Amino acid sequence: MALQLSNKQVGWVKAGVFVLSLLPFARLVWGTATGAFTDPLAEITKISGEWALYFLCITLAVTPLRRLTGWNWLVKLRRMAGLFTFFYALVHFIAFLWFDHFFDVAAMLADVVKRPFILVGFIAFVLLIPLAATSTNAMIRRLGGKRWQWLHRLIYVIGPLAILHYWWMKEGKSDFAQPILFGAIVAALLGLRVFWHVRRKPQAARA
């Protein structure tokens with residue numbers, strides 16, 4: 001039997017998820033303020049980037065989990081997960097712009113062009129911006145459901161770009177364990193969507 005929650009229970013779940021989602025950021029603030037990090041820039045960049053990937057995977061996992069379990073209330077958590085993906089990607093980007101380049105946009109853009117892994121990460125971040133900006137109900141109504149859905153399919157491009165960014169970043173250290181794990185998760189989540197889409201076509205034709 002599928003686990004069903006009332007609106008009030010879903011509200012409590014969302015509140016709990018929201019608080020838990022802020023804990024990595026609280027850790028960054030605390031570690032930087034107290035001097036607990038020996039290299040604050042490296043820690044902020046690493047932790048924010050990894051949590052952006054965690055939330056990207058969580059966002060992509062909502063639909064498959066809902067379909068496999070029948071827990072339709074999970075859809076109500078997807079927007080929050082998507083916004084936290086953008087939030088931690090923004091922290092990751094600000095660390096790059098602020099601590100690496102001291103808000104020198106020209107130097108940042110030169111670095112983006114020069115280093116492919118930064119270029120790929122920058123493209124993924126830029127593509128996240130319209131998704132975050134159109135995450136409200138008002139924007140859904142303004143764009144129309146169909147156009148909004150097409151726009152938010154950019155997440156299927158952002159996912160592989162984020163994995164490629166992470167892979168190239170780790171390549172210099174020959175440390176591929178985490179990129180392979182993240183890549184496998186994203187590939188599985190996107191592969192399920194492709195499988196369901198292909199299977200739905202004959203069913204729709206028969207109907």
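The class is defined by cut-offs: buried is under 20% relative accessible area, exposed is over 50%, and partly exposed is in between (1.4 Å probe, protein chains only). I note that this is a predicted model, in which local features need pLDDT of at least 70 and side-chain atom pairs count only at pLDDT 80 or more, while totals for chains, interfaces and linings use all residues. Residues are numbered from 1 along each chain as its sequence is written, and side-chain values use heavy atoms, with hydrogens and water left out.

**Overall**

I read off nine helices and zero strands for the protein. Helices (H or I, at least four residues) and strands (E, at least two) are DSSP runs, numbered from the N terminus. The pattern along the sequence is α-α-α-α-α-α-α-α-α. For the C-alpha trace I noted spans of about 60 × 40 × 40 Å along the principal axes. Of the 207 residues in the protein, 34% are buried.

**Nonpolar patch**

I returned to W98, which sits in helix 3 (residues 75–100). W98 belongs to a nonpolar surface patch with I94, F99, F102 and F103, and together these have about 530 Å² of accessible area. Patch members have over 30% relative accessible area and no salt bridge; like charges are joined within 9 Å, and nonpolar side chains (Val, Leu, Ile, Met, Phe, Trp, Tyr) within 5 Å. The areas come from the Shrake-Rupley method with a 1.4 Å probe, and for residues only the protein chains shown count as cover.

I then checked F99 against P40: their C-alpha atoms are separated by 9.6 Å, and the two are 59 residues apart along the chain. P40 has its place in helix 2 and is partly exposed, at a relative accessible area of 32%.

**Positive patch**

I listed R67, K146, R153, R199 and R200 as the residues that form a positive surface patch. Here Lys and Arg count as positive and Asp and Glu as negative, with His and the chain ends not counted; the charge is placed at NZ of Lys, CZ of Arg, CG of Asp or CD of Glu. K146 is in helix 7 (residues 145–152), and K146 counts as exposed because its relative accessibility is 65%.

**Salt bridge**

I found one salt bridge in the structure, the term meaning a side-chain nitrogen of Lys or Arg within 4 Å of a carboxyl oxygen of Asp or Glu. The partners are K46 and E50, whose closest N and O atoms are 3.5 Å apart. Both lie in helix 2 (residues 40–69), and they are four residues apart, so about one helical turn separates them. K46 counts as partly exposed at 44% relative accessibility, whereas E50 counts as buried at 8%.

**H165**

I placed H165 in helix 8 (residues 155–171). H165 counts as buried, since its relative accessibility is 15%. A polar atom of the H165 side chain lies 2.5 Å from the backbone oxygen of F117.

**A107 and P64**

My last entry is A107, which lies in helix 4 (residues 105–114). A107 is partly exposed, with a relative accessible area of 29%. From C-alpha to C-alpha, A107 and P64 are 41 Å apart in space, and they are 43 residues apart in sequence.

Definitions and conventions. A polar contact is a pair of N or O atoms within 3.5 Å; within protein, one must be able to donate a hydrogen and the other to accept it, and residues adjacent in sequence count only if both atoms are side-chain atoms.
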